[in-house]
Amino acid sequence: MLLENINVPGIETLSVYRANGGYKALEKALKMQQSEVVDEVKKSGLRGRGGAGFPTGMKWGFIAKPEGVPRHLVCNADESEPGTFKDRYLMQHNPHLLIEGMILSSYALGANTSYIYIRGELLYVYHILEKAIQAAYDAGFLGDNILGSGFNLNLYCHLGAGAYICGEETALIESLEGKRGNPRIKPPFPAVSGVWGRPTVVNNVETIAATVPIINMGAEEYAKIGVGKSTGTKLISACGHINNPGVYEIELGLSCEEFLFDDKYCGGIKNGKKFKAVVAGGSSVPILPADLFLKTAKGEPRLMSYESLSDGGFISGTMLGSGGFIVLDETASIVKNLWNFTRFYHHESCGQCSPCREGTGWMEKILNRILEGKGKQTDIDLLFDIQSKIDGKTICPLGEAAAWPVASAIRHFRKEFEEYVNKPEEIVDVKHYYAVNNLQQSAK
Amino acid sequence: MSKEIRFTDETMALVQKMIKRYPEGKHKSALIPMLHLAQMEFDGWLDSPVMDYVASILKIQSIEVYEVASFYSMFNLKPVGKCLIEVCRTGPCWLLGAEDLVKHIEKNLKIKDGETTPDGMFTLKTVECLAACGTAPVIQVGETYHENMTCESVDLLLGEYKIKDARKTHYDIKHISIK
């Protein structure tokens, strides 16, 4: 539904977008009451597609409506979670889908000025959006009295400047105010006091785009797609050691095995190698070894849905997250992969909370030491201990995002850490590329 | 820096438009986009007089600009070459050979990560995830993403930038559109 027209030539232009049914959802929404649009989104079961999976309609329902205070909708297009590139793909190829979603969502929330906060690196996508927004103004979809409804909306793009943390909604708000991206303590939640102290809703690009098919087809029809509380479709950006990297729109509930091995999707592991592990929802979610990805600890086939991927909690499960799907084959070193992620979190920690600021640095140093062949047996427990002291002890979820990969890598691949510590010569010899001999986890 | 620090009239017009995107009295919101413009116009980096100039336009304290400029990784606080080569080093790009690309560039240009060639042409900078993991490894030069890079294609890329004036291509002010 989101990628349906992505390959139509010229879909980035307003005329082609309209010729393919574009802006029909907006026309429909503007004839509804604002609260009816919110109710539709609630009924659709749509959950935030940025990573947290919070019900979108409920988030919208929280927005405060004090008399005379403007409200704002801000689209989070700061896509920076390693492994995730779905929003960039969507905005680059079909900008009007996001713009249409922004207009109808702003209408539902009663926001008259909305922003798309896009990461600075995506300057070329920013230009595509600016052009599309101008076309929407020229056609009367933006500005005053949109389509004669009496609803006014100004929509602007705002460039970030390279900070993963600004994907966290309160850091994004700070950044939009022209400050450092330091997350705020909640409460107050943005729905009560967001940008410039005004009620604000921050939603991911894909979430906003999904409101368009929801209004077009109706919430009931949308909710029939998917499985259980995972309704609708999800964009999955697949990458790493697979044959067909790219962005796929899947119906939630697709079998994990089919997604990874079917030629319609990832097409299996590259170069005929064995499947070792997967980071299924962006770098922050727990890594899973092959067998636990394909089947839950109870032996049931695992599905690409919020519930199924988190089945087993953090002991044997993971999260759907942002849909950043990173596959590791048998040659990949779990330890070095973890070092790479940990360096990322250390680099991106805003520095407000000591557990995250210091802990990520310590973990990076310890992993570095292990990779250099100077690790000690006690380092593995030390790493586990540090992550447990970051988890849940920071203002924002970056702390957890840094802790979970460490906890899960040690939980599932402790043996590999021990080999790095006990037989460093062998490991250093192969320049960190570690072929797993006794791969218990090997499936397929 | 001896020359006077002043935006061209064209850029100043963009700045004024940019400020209008935010509610009255909330013009500080224009700071980050403005720093991008300043960096494009003043040689690809933000010297402190440039930041002071930006502060004076927004009528805020210089420190408010410094603290922001030093937080965001896209703002360069040291001079950079005409052609800034940003190699993604995170996760999937690393899995698919970004480390080899960095080593190759270091060898080819005889500089280390973060350094600039003596002729002022190239600066090498490793960066975190560029959201292009499906076409890893990725190198960004200016606003252009170069995807599925190999050592061979890096050589071609460097050769290409050696013959054209990268600054003219990538720090062209018309490349920020503000309606």
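**Domain and chain contacts**

In chain A, 27 Å separates the C-alpha centres of domain 1 and domain 2. The domain bounds, which come from an automatic or database domain assignment, are 14-222 for domain 1, 227-329 for domain 2 and 334-429 for domain 3 of chain A.

The model is predicted, so local features need pLDDT of at least 70 and side-chain atom pairs count only at pLDDT 80 or more, whereas totals for chains, interfaces and linings use all residues. Residues are numbered from 1 along each chain as its sequence is written, with chains lettered from A and ligands numbered from 1 in the order in which they are written.

Between the two domains, 19 residues of domain 1 of chain A are in contact with 20 residues of domain 2 of chain A; contact requires C-beta atoms, placed from the backbone, to lie within 7 Å. On the domain 1 side, α5 (86-93) and α9 (205-217) of chain A each give two or more residues, and α5(A) provides the largest share, 3 residues. Helices here are DSSP runs (H or I, at least four residues), numbered from the N terminus. This side of domain 1 of chain A comprises 7 nonpolar, 7 polar and 5 charged residues. Ala, Val, Leu, Ile, Met, Phe, Trp, Tyr, Cys and Pro count as nonpolar, Asp, Glu, Lys and Arg as charged, and the others, Gly among them, as polar.

The contact between the chains takes 47 residues from chain A and 35 from chain B. On the chain B side, at least two residues each come from α2 (31-41), α4 (62-69) and α5 (91-95) of chain B, with α2(B) giving the most, 5 residues. The chain B side divides into 20 nonpolar, 8 polar and 7 charged residues.
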